[in-house]
Amino acid sequence: MQRTCSAARSLLQFRACTGATWVNGLTAVSSSSTVKGVRGLAEVAAEDTKETPWHSGHSVATLHEAPTTRYFSIDPRAVPEAQADFYEEAYLKKEGLTQPNYGCTGVQRELASSGHSMLQHRPVIKTLLEHAQSLRKRRISLQGWTGSGKSVALYSLVAWARANDWVALYVPSAFSMVQGGTFNRGEDGLFDMPQAARYILQSMLQAHAGDLQALRTADGAQSLAELAGAGVRNTTAADVVAAAIRLKDELAGQTQRRVLLAVDDYNALYHRTTYGEAVHPLHRRQLQPDELRLVQGFRLMEQPAPANGLTVTAPTCGGRLPAALAVPLPRNSRVSVPRYNLQEVATAAAFYYDTGVITDVPTVPIVQRAFALSNGNAKELRHLAAVLLAENDPLGHSLGHKAADAAKRRMLRGEA
């Protein structure tokens, strides 16, 4: 309880010093929810929905009503394809080989670092929710530098949509379509990647089994659950890929339910693949993304938006590219994802302190220093929290990288 009160006072002082607004009537988080260590993420969902100096008291279902710059609770089971274990292959595990991970690594690391199923509600997420409710902007491309929070924002939108009776088709990483697994050449010369298509079909069956059973194909011949199930069971690569693309097209044409189509690492669909076709005993020709049927089917920003919903994508990195390399995007589709501002860093610091990620009380100078050193990069702040938010700056990071390297060498030699 003492840790929580210290963090609360620190955050209150910070808000007062920076002139930020504060919501009255907040209660301190109980000591039971500040236990350090990773627990079952789904098990703590109910306990984590408490109002604290850094938690809004809202779950993702009511995120559209929650204040920004506060944390909200999620249930990772609602978005199974975002988790690493969704992509585990038994034969790889048996051989002790590296498992693929095409989930949302940003969310995975955020939840694992704190041991709580919570994310910070940011203004850009609120903007996405407003677009989803109004459908004023039907095709959205999130733009921001690496580590700014694009993937977390997209994940939050998917989780909110599924909690509010939407049907959300979510591809956490488009790299799953251009690397790994097997591939086969079709009769028309295009190549089919059945494993990536199965990921899409299986994730939809896990997250939306009942919803897909209630929705019918345009010709009324079968339910969307039957379409997806048949695709998963099929052993012909072309048929599996065709089922995934058709499921996406059928959802886009639905008018009964709101539909979200979301693809992260979207620029992977235009970059390069790891596949090669043998054209000579000593040479393999690298396949281009344009030659992959599934890639063509999921270039969503070149297709119309869903009839009753929206399309949202995010690239794996940020910054403008030359026209010849730029990913085709509709006019006015860009939504900027800024780095953390000072207030968001302060909220994250209080959260990390109360969940045991850091041990020093995040005072105003510590938060200001962490903000300056990380430049508001959420990924770096999380990964280096123990150093950036340390009271004594043990590695001398605030003095520059040369001083930090010198300090580290002295520590390794055992010098003072």
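What share of the contacts in the protein chain with a separation of 6 or more comes from residues 24 or more positions apart? The share is 72%, and the close-ups below show some of the places where the chain meets itself. Please keep in mind that this is a predicted model.

**Figure 1. The whole chain, as a starting point for the close-ups.** The protein chain contains 14 helices and 12 strands. It has 416 residues, of which 52% count as buried. A search of the whole structure turns up 13 aromatic pairs, and a few of them feature in the next views.

**Figure 2. Tyr102 takes part in a pair with Tyr87 and in another with Tyr199.** Tyr87 and Tyr102 are both buried. Tyr102 also pairs with Tyr199, this time in a tilted arrangement with 6.2 Å between the centres and 50° between the planes. Tyr102 is in the loop between α2 and α3 and Tyr199 is in helix α6 (residues 194-214), so this pair ties together parts that lie 97 residues apart in sequence. Like Tyr102, Tyr199 is buried.

**Figure 3. A cluster of rings joins Trp54, Tyr71, Phe351 and Tyr352.** Here the residues to look for are Trp54 and Tyr71, together with Phe351 and Tyr352; ring pairs link them into the cluster.

**Figure 4. Charged ends sit over the rings of Phe298 and Tyr270.** In one close-up, Lys248 places its charged end over the ring of Phe298, at 5.8 Å from the ring centre. In another, the charged end of Arg299 lies over the ring of Tyr270, 4.2 Å from the centre of that ring.

**Figure 5. Asp165 and Asp265 have positive phi values.** Which backbone angle deserves a look at Asp165? It is phi, which is near 70° for Asp165, a positive value in a residue other than glycine. Asp165 is part of the loop between α5 (150-163) and β5 (167-171). With a relative accessible area of 51%, Asp165 is exposed. Asp265 is not a glycine either, and its phi is positive at about 55°. Asp265 is placed in the loop between β8 (259-264) and β9 (276-280). Is Asp265 buried or exposed? Asp265 counts as buried, because its relative accessibility is 11%.

**Figure 6. Helices α7 and α8 pack at an angle of about 160°.** Helix α7 covers residues 224-233 and helix α8 covers residues 237-252, and their axes are 8 Å apart. The angle makes α7 roughly antiparallel to α8, and the crossing of these helices is left-handed. On the α7 side, the contact is made by Leu224, Leu227, Ala228 and Gly231. On the α8 side, Val240, Ala243, Arg246, Leu247, Glu250 and Leu251 make the contact. The buried residues of α7 include Leu224, Ala225, Leu227, Ala228, Gly229 and Gly231, and the buried residues of this helix pack against α6 as well as α8.

**Figure 7. A closer look at Ala243 in helix α8.** Ala243 counts as buried, because its relative accessibility is 8%. What does Ala243 touch, not counting residues up to four places away in sequence? Its partners are Leu201, Leu227 and Gly231. From Ala243 to Leu224, the C-alpha to C-alpha distance is 9.9 Å, and these residues are 19 residues apart in sequence.

**Figure 8. Helices α4 and α5 pack at an angle of about 40°.** Helix α4 spans residues 123-134, and its axis is 10 Å from that of α5. Therefore α4 and α5 are oblique to each other, and α4 passes α5 in a right-handed crossing. From α4, Val124, Ile125, Leu128, Leu129, Ala132 and Gln133 make the contact. The contacting residues of α5 are Ala153, Ser156, Leu157 and Trp160.

Key. Residues are numbered from 1 along each chain as its sequence is written. This is a predicted model: local features need pLDDT of at least 70, side-chain atom pairs count only at pLDDT 80 or more; totals for chains, interfaces and linings use all residues. Side-chain values use heavy atoms; hydrogens and water are left out. Rings of Phe, Tyr and Trp (its six-membered ring) pair if their centres lie within 6.5 Å; planes under 30 degrees apart count as stacked, over 60 as edge-to-face and the rest as tilted. Buried means under 20% relative accessible area, exposed over 50%, partly exposed in between (1.4 Å probe, protein chains only). Helices (H or I, at least four residues) and strands (E, at least two) are DSSP runs, numbered from the N terminus. A charge sits over a ring if NZ of Lys or CZ of Arg is within 6 Å of the ring centre and within 35 degrees of the ring normal. Axes are lines fitted to C-alpha atoms, for helices over the stretch in contact, and angles run from 0 to 180 degrees between N-to-C directions. Angles under 35 degrees count as roughly parallel, over 145 as roughly antiparallel, 65 to 115 as roughly perpendicular and the rest as oblique. A crossing is left-handed if the near helix is turned anticlockwise from the far one by less than a right angle, and right-handed if clockwise. Contact means heavy atoms within 4.5 Å.
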